[in-house]
Amino acid sequence: MRVVSLLLARVAKRLLAALPAIAGVLVLTFVLLRVLPGDPASLYATSPSAGEAEIAAIQADLGLDRPLPEQFWIYLRDLARGDLGTSLMTGRPVVADLARRLPASLELIAAAFALALLVSLPLGIAAALRPHSLVDLGARVLATVGIAVPTFVTGLVLIEIFYVLFGWAPDPTGRLDIFLIPPEQVTGFLGLDALIAGDHAAFSSALAKLVLPTVTLAVFVMAPMVRITRTAMRAAMASDFVRTAEAMGLSRFRVVLVYGLGNALLPVLTLCGTVISTLLGASVLVEKVFAWPGIGSYSVDALMAGDFAAVQGFVLMMAGLFVLMNLAIDLCYRAVDPRVSLA
Amino acid sequence: MSVRTAIDRRRSWAARFDLAALIGGFAVAALVVVAVAAPWLVPYDPYASNAAQALQPPSLAHWAGTDQIGRDVFSRLLIAARLDLLIAAAAVFASFAIGTFAGALAGYFGGWFDRVTGRLVDVLLAFPLFVLAMALAAALGTGVASLIVATAVVNLPFYVRLARAEVNARRGLGWVEAARLCGRGPLGVVFGALVPNVLPVLMVQASTNLAWAILNAAGLSFVGLGVHPPTAEWGMMVAEGARYLASGHWWLVVCPGGALAAAALAFTLLGDGLGDRLDLRGRDG
Amino acid sequence: MVSATGSTCGAGMAEDVLQVEGLSVRYGGHGAQEAALREVSLSIASGEVVAAVGESGAGKSTLAATVPRLLPPSATITNGSVRFVREELTTASPARMRVLRGGEIAMVFQNPRAALNPIRRIGRQIADAVRAHRSLPRRGARAEVVALLEAVKIADPERVANAYAHELSGGQCQRALIALALAGRPRLLIADEPTTALDTVTGAAVMELLAGLVAERDMAMLLVTHDLALAAKRADRIVVMKAGRVVETGPSSSVLATPGDAYTRALVAATPRTGRGIEAIASEQLPPVRPVAVEAEPLLAVSDLSMRFGAVQALDRVSFEVRRGESLGIVGESGAGKSTLARLICRLDDPSAGAIRFEGREIGKIPARGFHRMPERRRIQLVFQDPGGSLDPRLTAFEAIAEPLRRMAALGGGCLKETVADLAERVQLSRELLERPPHTLSEGQAARVGIARAIALSPNLLVLDEPTGALDVSVQAAILTLLERLKREMGLSFVFISHDLAVVRMMCERVVVLRDGRVVEAGPTETVFSQPAEDYTRRLIEALPVLE
């Protein structure tokens with residue numbers, strides 16, 4: 001019970017500490033999307049015949065003719081009600097659009113994060129334990145080349161190889177084969193929903209469609225993760241306390257996993273914030289490449305259409321997601337490292 | 001003798017990696033030369049379309065093939081090197097200069113300036129980087145200048161934080177206090193003693209960061225937030241080429257993509273090499 | 001229990017626990033290989049304490065790490081043998097070494113806090129060590145943990161078992177580390193500078209504990225230390241090492257009383273001793289002593305100086321005076337406020353309260369931020385604790401010494417060159433070193449550069465913050481001699497800050513004892529040291545081992 005109340009206190013405290021940043025996010029988003037050059041109203045009126053009267057009508061409709069502080073107040077008020085405006089592209093509330101598309105993005109990001117962890121942790125550890133070996137060299141090559149190839153190029157090259165050349169991968173558009181009927185939405189994660197519905201065809205299609213985008217996204221963040229795991233593990237294994245553990249005659253297993261890795265995970269955990277930031281950002285590019293129906297591809301379409309309510313909703317949602325994930329990382333860190341107290 | 005050979009092999013791997021850093025250095029130099037001399041190096045006019053020659057695969061005449069309206073891809077790659085390097089270099093220089101200045105002052109003096117810069121940095125870092133860059137580029141409108149500003153602003157927090165941390169870690173050291181005893185005032189200590197010592201660390205960051213800036217700008221172009229169509233830019237060339245990928249015209253993606261990766265790799269290798277050297281010197285000292 | 005007290009046990013009488021013969025170790029760096037140990041031989045009987053002493057680079061720590069085969073991968077044993085109770089260790093299998101490490105041979109390290117896993121509770125670390133060598137159920141292990149913590153005289157074993165390393169004091173960490181070492185009931189204890197990172201009083205208590213445990217449990221101990229006096233006090237036999245070789249070995253009393261080897265003699269000569277002045281360790285002829293001025297106005301008068309950092313009262317109403325030509329010693333343990341005091345006098349920080357009068361002018365109210373423009377800046381200078389760390393990594397020795405001359409005396413060109421060359425000569429720094437960057441200088445050379453920089457503008461007051469704390473004893477002797485000569489030649493006054501009472505006793509006319517930011521006792525050095533009025537001062541003096 002005590003741990004739970006401590007945890008809740010911690011969550012509250014962290015959210016409180018994040019308040020200035022959140023306020024900054026709200027202000028910056030408002031400023032970026034309403035005050036700076038690209039006037040939303042003239043973007044809306046894309047037809048060349050749009051006259052001044054029409055633009056003025058749209059401005060009035062969007063509340064853009066009112067003074068800025070008032071606009072900001074309306075923006076905050078609507079936000080508090082969960083109203084992000086109506087999308088021009090779909091004609092539906094932006095909140096509804098985002099909510100419908102979010103699971104697809106989360107599915108992709110979670111899968112990529114898991115894959116990146118699964119590959120980079122063991123690789124980084126092995127590289128650290130056998131410095132200058134071939135594994136180490138491999139890890140360093142991955143760590144160097146991995147960040148140099150842009151995600152969208154990785155994705156396109158994977159499509160070229162596995163879809164165009166060999167035909168092993170399914171058609172690289174969307175989450176599910178177009179001839180299949182999506183299972184009833186329960187979790188929003190297509191694979192899980194298909195399993196719940198007992199639809200094996202949908203399950204295997206969803207899984208197959210997920211592979212290439214996941215690999216594309218994961219490769220981009222593997223590089224820094226391998227790098228930091230290797231460095232942290234080497235530092236931990238060279239530390240005084242690992243020497244003590246060796247001098248006490250502890251088993252190699254215990255020395256490496258409990259004393260070495262336990263401490264090496266702390267910097268890796270810290271890096272996870274940056275990794276998640278990168279994943280959220282790069283997912284936009286990957287979703288565009290694979291026509292993945294998540295919020296990233298939605299935002300790209302919205303940008304092209306000048307749909308500023310949708311873009312604003314997307315930016316706010318991304319920032320919100322990121323704040324939440326940082327909170328989770330912070331809590332994990334505090335659970336692992338006693339030097340940073342939970343309270 | 002097994003010990004000996006192990007040591008020898010170890011040295012050879014190490015040497016090979018040092019070699020990689022050297023290659024990075026040369027590649028960066030070559031890249032700069034190509035970017036500067038591109039107008040005189042191009043075999044064809046990078047903007048001249050030729051419908052009869054559209055979508056030709058790479059050949060001796062067209063090393064990287066031709067695009068959908070028959071422009072020579074290789075010429076466009078060379079010309080694009082200019083723009084891509086310019087955007088990355090300008091963005092990194094801006095964030096490097098401003099970030100180092102603000103970060104060094106915040107790190108040495110602390111106080112209200114530190115708190116204010118810290119808060120601003122927190123706000124920028126509350127967005128996923130690329131999302132913030134998208135929002136900035138969208139707000140500023142398409143074009144080279146907005147690409148530069150968007151990339152620079154997104155990068156700024158890292159320089160502020162790094163400069164602040166490096167300066168703050170050194171502010172109490174003997175040689176910094178010695179500079180005060182030698183008659184330097186606070187600003188003299190920051191910019192005469194601390195910043196010159198911190199600069200190498202920041203340069204390593206800048207080198208690695210150039211790679212990131214190239215990819216970031218290309219990513220913005222890829223989603224349509226970059227330069228306007230006829231202009232040659234690697235990211236946009238990939239975006240345009242992607243439409244012809246399924247029909248087997250792989251070179252339209254692979255060539256500009258490869259150019260992007262090669263440029264980013266060159267800066268990464270250079271940064272790593274500089275970083276390793278710095279580490280070594282730190283250990284000696 | 002065998003009543004072997006160690007001191008009565010000769011080498012030949014009991015069975016040898018450890019026998020090292022002709023041991024050579026090399027570090028295979030990039031290209032050039034470096035010999036760390038050359039043909040080292042020694043033996044330790046059970047119940048015996050053998051000290052390996054020497055200055056840095058002597059190979060003491062390599063020896064300590066070689067016995068349990070904890071050398072870094074870059075090091076190789078090229079020759080010789082290490083036998084633990086007749087069992088050869090240099091060729092033993094890794095599995096066998098794991099049984100021996102902790103189980104038969106245990107280690108105590110120099111930096112106790114870093115030697116403990118920061119994210120694992122102390123009790124669990126000790127339990128790990130217990131269960132590595134004895135099959136005990138979880139509950140039994142827990143009881144054993146508490147018993148071990150009691151054995152190392154930790155007052156509250158239950159609490160400490162549940163604590164993490166960062167929640168304990170340095171002394172408690174070292175005791176926990178000793179408990180960890182005892183967990184496998186070893187027969188040989190290797191203690192590598194076990195008290196160097198601790199305060200004098202704490203260190204003395206830890207050493208007392210170690211000696212007691214060795215006697216009580218009939219263990220053998222290899223004590224690695226740079227401190228001759230400590231070795232003399234605690235060891236039955238001493239092995240003197242230099243550059244990887246054993247230069248002399250024998251019973252501690254005779255080795256130090258009548259050293260046979262020239263190097264040992266030099267070491268003993270350089271070590272400060274009770275009742276001897278600086279002349280005893282001086283490496284050169286010193287000029288005659290200048291009398292301390294007896295004018296009415298002291299050079300420096302500090303009154304009611306206080307400093308607060310948040311909730312911590314670092315200094316609490318400290319007052320003292322320094323006369324021209326006088327050395328005032330400031331002694332105390334870490335956290336006593338010595339360095340804070342140095343920074344305040346040098347006007348690097350602003351005091352919370354109190355006054356600093358220098359040459360009759362109140363300088364305590366001048367903001368530290370603007371003090372570089374004051375004429376007093378050049379007359380109060382500081383010599384730092386860590387000589388290498390006090391030099392800007394980017395500047396050559398020449399540039400470092402030239403910096404104050406350029407900035408505060410506006411010297412330049414040939415005149416500057418000449419002045420710097422003069423200063424270098426004054427501190428006995430050879431000219432070719434002037435063009436070198438700091439990381440290529442030895443600590444002793446770096447110390448000379450730091451001193452040359454401090455005296456460049458002929459200051460009146462030199463604050464010395466542990467000026468020899470990081471130096472080997474022979475280098476310390478040379479630097480102390482240099483400082484004393486400069487003081488007599490230039491008529492300098494010193495505020496000499498040190499935790500080493502023996503050094504202060506040699507260098508200073510008067511002394512101030514600080515504890516927790518307050519002055520405990522002050523007076524003429526000899527009076528304070530021979531008849532301390534305060535209990536705390538007495539404990540400080542007693543804790544410091546001094547060669548008789």
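What span should the 13 residues of helix H15 (residues 443-455) of chain C cover at 1.5 Å a residue? The expected span, defined as 1.5 Å times one less than the number of residues, is 18 Å, and the end C-alpha atoms of H15 are 18 Å apart, which agrees. The model is a predicted one, in which local features need pLDDT of at least 70, side-chain atom pairs count only at pLDDT 80 or more, and totals for chains, interfaces and linings use all residues. Residues are numbered from 1 along each chain as its sequence is written, while chains are lettered from A and ligands numbered from 1 in the order in which they are written. Helices (H or I, at least four residues) and strands (E, at least two) are DSSP runs numbered from the N terminus.

Of the 13 residues of H15(C), 11 are buried (20 or more other C-beta atoms within 10 Å of the residue's own, with C-beta atoms placed from the backbone). Among them are C:Val449, C:Gly450 and C:Ile451. The buried residues pack against helix H6 (174-181) of chain B and, within chain C, against elements including E16 and strand E17 (461-465); contact requires C-beta atoms, placed from the backbone, within 7 Å.

E16 and E17 also belong to an open, mixed sheet of six strands in chain C, ordered E16-E17-E18-E13-E19-E20; strands pair if DSSP finds at least two bridges between them. Strands E16 (380-383) and E20 (518-524) of chain C stand at the edges with a single partner each, so one side of each has no neighbour in the sheet. Within this sheet, E13 (residues 327-331) and E18 (residues 493-498) of chain C are parallel, joined by five bridges, and C:Val331 lies opposite C:Ser498.

Technical notes. Buried ≥ 20, exposed ≤ 12 C-beta atoms within 10 Å, placed from the backbone. Contact = placed C-beta atoms within 7 Å.
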